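Trainee: I am new to this structure. Please show me how to read it, one feature at a time.

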Amino acid sequence: EKLSQAGIVSRLYVSEGQQVRAGDPLYLLSSERTSAQGGTQAVVNDTLRARIDHLNGELAQQGSQSGNKRQELAQRLANLQDSLRQLNRELGLRRQKAQIMREVSANLADLAQAGAVSRNAASDKAAELVEQEARIAALELERLTLQRDTAVLAASLADLPLQSGREASQLQRGIEELKQQASESEARRELL
């Protein structure tokens, strides 16, 4: 294969008239150009290495952030689940109270019809029952909201490893691309 590259011979491996075999190195050709900052190709390689180091740092940081995010989501999920359990206990107690109030209200209504108690007392007890049922309805709505929030957090927690993996893969691809560029740049710098 014939390679064509302009440059300066930076090192000789043979002397004139010396016998060589196929594949023996003859000379090292440097295509390095210089600028105010020094060797252009060397500056490019240094820049690529710095970018690789930066991406490696981001990759390590991303792993740490993912672990922190997982802990945060797990704690928030545990808190929501505790709140949901507490709300379910409260709903159970309110339902029991509402059942007792229904029975008392029905008894008072019967007594009011019989004239044993005032109709106002029976109406007050019926109003308390309606108020108790309204509280139950509000708690059930709150429970639905907590259940939805719990499901959303659980899904986020389950998706976190996938999301973290995608981000890590993207950073790793960037690192590999930069390594490839550095390798190609170095290959253009010197040719044996």
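Mentor: Start with patches. Patches are made of residues with over 30% relative accessible area and no salt bridge; like charges are joined within 9 Å, and nonpolar side chains (Val, Leu, Ile, Met, Phe, Trp, Tyr) within 5 Å. Accessible areas come from the Shrake-Rupley method with a 1.4 Å probe, and for residues only the protein chains shown count as cover. A salt bridge is a side-chain nitrogen of Lys or Arg within 4 Å of a carboxyl oxygen of Asp or Glu. This is a predicted model: local features need pLDDT of at least 70, side-chain atom pairs count only at pLDDT 80 or more, and totals for chains, interfaces and linings use all residues. Residues are numbered from 1 along each chain as its sequence is written, and side-chain values use heavy atoms, with hydrogens and water left out.

Trainee: Which residues form a nonpolar patch on the surface?

Mentor: Val9, Leu12, Val20, Leu26 and Tyr27 do, with about 450 Å² of accessible area together. Take Leu12. Leu12 lies in strand 1 (residues 8-12). Helices (H or I, at least four residues) and strands (E, at least two) are DSSP runs, numbered from the N terminus.

Trainee: Is Leu12 buried or exposed?

Mentor: Buried means under 20% relative accessible area, exposed over 50%, and partly exposed in between (1.4 Å probe, protein chains only). Leu12 has 62% relative accessibility, so Leu12 counts as exposed.

Trainee: How many salt bridges are there?

Mentor: Side chains of opposite charge can pair when their charged atoms come close. Here the count comes to 11 salt bridges. One of them joins Glu72 and Arg76, with the closest N and O atoms 3.6 Å apart.

Trainee: Where do Glu72 and Arg76 sit in helix 1?

Mentor: Glu72 and Arg76 are 4 residues apart in helix 1 (residues 40-114), so about one helical turn separates them. Glu72 is partly exposed at 38%, and Arg76 is partly exposed at 41%.

Trainee: Which distant parts of the chain does the pair of Arg102 and Glu133 link?

Mentor: Arg102 and Glu133 form a salt bridge, the closest N and O atoms being 3.1 Å apart. Arg102 is in helix 1 and Glu133 in helix 2 (residues 119-189), 31 residues apart.

Trainee: What does the side chain of Ser164 make a polar contact with?

Mentor: A polar contact is a pair of N or O atoms within 3.5 Å; within protein, one must be able to donate a hydrogen and the other to accept it, and residues adjacent in sequence count only if both atoms are side-chain atoms. The partner of Ser164 is the side chain of Gln62, at 2.8 Å. Ser164 is in helix 2 and is buried, with a relative accessible area of 12%.
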